[in-house]
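I opened the model today to look up how some of its parts meet and where space is left between them. My entries follow in the order in which I made them.

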Amino acid sequence: MKAQSDRIIWVDYARVLGNYFVFMTHFAVNAEARFFPYFMPLFFILSGFIDNNKRTFPETIKRNFKTLIVPYIAFSIITYVWWLIIYFRHESFNPHDAFISPLIGMLLGDPSIATSNPGFAHMTNGPLWFLFALFWCKLVFKAGFFHKYLLLAINVCCVALILLLKQSHFNLYFSIDSGLMALPFYTFGFYLKRVIDKPKYQWYQTLLIVIAGITASYFLSRLNGKGSMVLDDYGKNIFLFYINGIVFSLSIMFFSRLFSNVYFTFLAYMGRNSIIIFGMQYISIWVVEHIYKIIMHTKGMEVTYGSFEAFVISFALLLVSFIPVYIIRTYFPYIIGAKKQPSKNKTLELV
């Protein structure tokens with residue numbers, strides 16, 4: 001089935017692949033997963049790619065507050081209630097641990113707080129750092145877009161600042177530093193859309209590019225070590241970090257473009273609602289992991305997952321994520337800054 005709108009459908013497919021790989025990072029924690037952190041740049045590159053930059057700066061603030069900060073608040077509250085129920089079931093009551101620490105973590109919006117200030121605060125929904133980071137990234141990009149050289153200078157300053165922050169072991173709250181670290185990826189994605197359609201490749205040429213890109217990314221990851229955007233950790237070399245993030249992201253994008261003329265309803269639906277997948281990720285992982293432990297008779301045990309197990313569980317997690325995506329998108333769309341769809345459009349046809 002072909003795409004039924006002007007939406008760039010392969011971008012949604014790339015988001016689904018990105019979400020799948022992010023799921024795997026939560027399970028495959030062994031050495032075989034050493035290049036998983038480079039999946040996150042994909043989301044910033046895609047966000048820059050679809051940015052038409054037609055809004056004024058005040059409109060940009062208003063729009064992104066509605067579509068990023070409001071979801072951050074909503075998903076933080078939902079997850080906190082879920083976390084609190086689990087806490088009271090398994091932990092002895094402590095006012096600081098139950099209320100103060102998670103609420104501070106929610107307000108500061110940065111899971112690295114738990115690493116730098118253990119006991120002070122923690123986020124009950126760590127993946128939400130992405131929403132805060134993307135918010136700052138979009139605003140800084142818009143502020144610098146008045147002139148191309150100004151934007152270039154801001155990108156250079158952001159890279160220099162990340163180098164300085166890592167050397168000083170200083171952390172900026174509200175995931176501001178992660179947003180600044182992501183700006184070069186976002187900027188790359190914005191300008192990529194001007195040239196991505198110029199080369200015309202046959203499908204087998206595109207596939208060879210994808211294989212070469214993934215292979216190069218794997219070896220670059222082994223060379224540079226693990227990195228983490230949420231911790232401002234770029235590995236051994238910040239330039240290798242950015243090169244690797246771009247190379248792997250392009251590989252995923254080119255692979256997704258192979259299916260740009262085919263419309264997969266489920267993948268398209270999940271891709272355009274990826275913000276809900278991020279927001280409900282903590283709960284979805286908890287549910288799937290506990291179901292898996294019950295099936296494998298390992299409930300109550302600490303389990304280390306291999307790559308194959310991570311592959312299977314992540315696939316199940318993607319399917320399970322459809323439930324909160326459908327419920328929120330259909331009945332509570334205001335959580336993600338969207339309007340409620342007419343009842344005639346609620347039906348989802350899976351193909």
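**Helix contact**

I noted that helix 14 and helix 15 are roughly parallel to each other, a label that covers angles under 35 degrees, while over 145 counts as roughly antiparallel, 65 to 115 as roughly perpendicular and the rest as oblique. This is a predicted model, in which local features need pLDDT of at least 70 and side-chain atom pairs count only at pLDDT 80 or more, whereas totals for chains, interfaces and linings use all residues. Residues are numbered from 1 along each chain as its sequence is written, and side-chain values use heavy atoms, with hydrogens and water left out.

The axes of helix 14 (residues 307–320) and helix 15 (residues 322–331) come within 4 Å and cross at roughly 20 degrees; the axes are lines fitted to C-alpha atoms over the stretch in contact, with angles from 0 to 180 degrees between N-to-C directions. Helices here are DSSP runs (H or I, at least four residues), numbered from the N terminus. I then looked up the contact (heavy atoms within 4.5 Å) and found Leu-318, Leu-319 and Val-320 of helix 14 meeting Phe-322, Ile-323 and Pro-324 of helix 15. The residues of this contact divide into 6 nonpolar, no polar and no charged, where Ala, Val, Leu, Ile, Met, Phe, Trp, Tyr, Cys and Pro count as nonpolar, Asp, Glu, Lys and Arg as charged, and the others, Gly among them, as polar.

**Aromatic pair**

I found 38 aromatic pairs in the structure, counting rings of Phe, Tyr and Trp (its six-membered ring) with centres within 6.5 Å, and calling planes under 30 degrees apart stacked, over 60 edge-to-face and the rest tilted. Because Phe-44 lies in helix 2 and Trp-129 in helix 6, the pair ties together parts that are 85 residues apart in sequence.

**Pocket**

The largest pocket is lined by 36 residues, of which Arg-7, Arg-15, Ile-50, Arg-63 and Thr-67 lie nearest its centre; a pocket is an open set of points on a 1 Å grid over the protein atoms alone, where a 1.4 Å probe fits, with protein on both sides within 12 Å along at least five of seven lines, and lining residues have an atom within 4 Å of a point. Helix 6 gives the largest share of this lining, 6 residues. I recorded the lining of the largest pocket as 15 nonpolar, 10 polar and 11 charged residues.

Definitions and conventions. Helix = DSSP H or I, 4+ residues; strand = E, 2+ residues; numbered from the N terminus.
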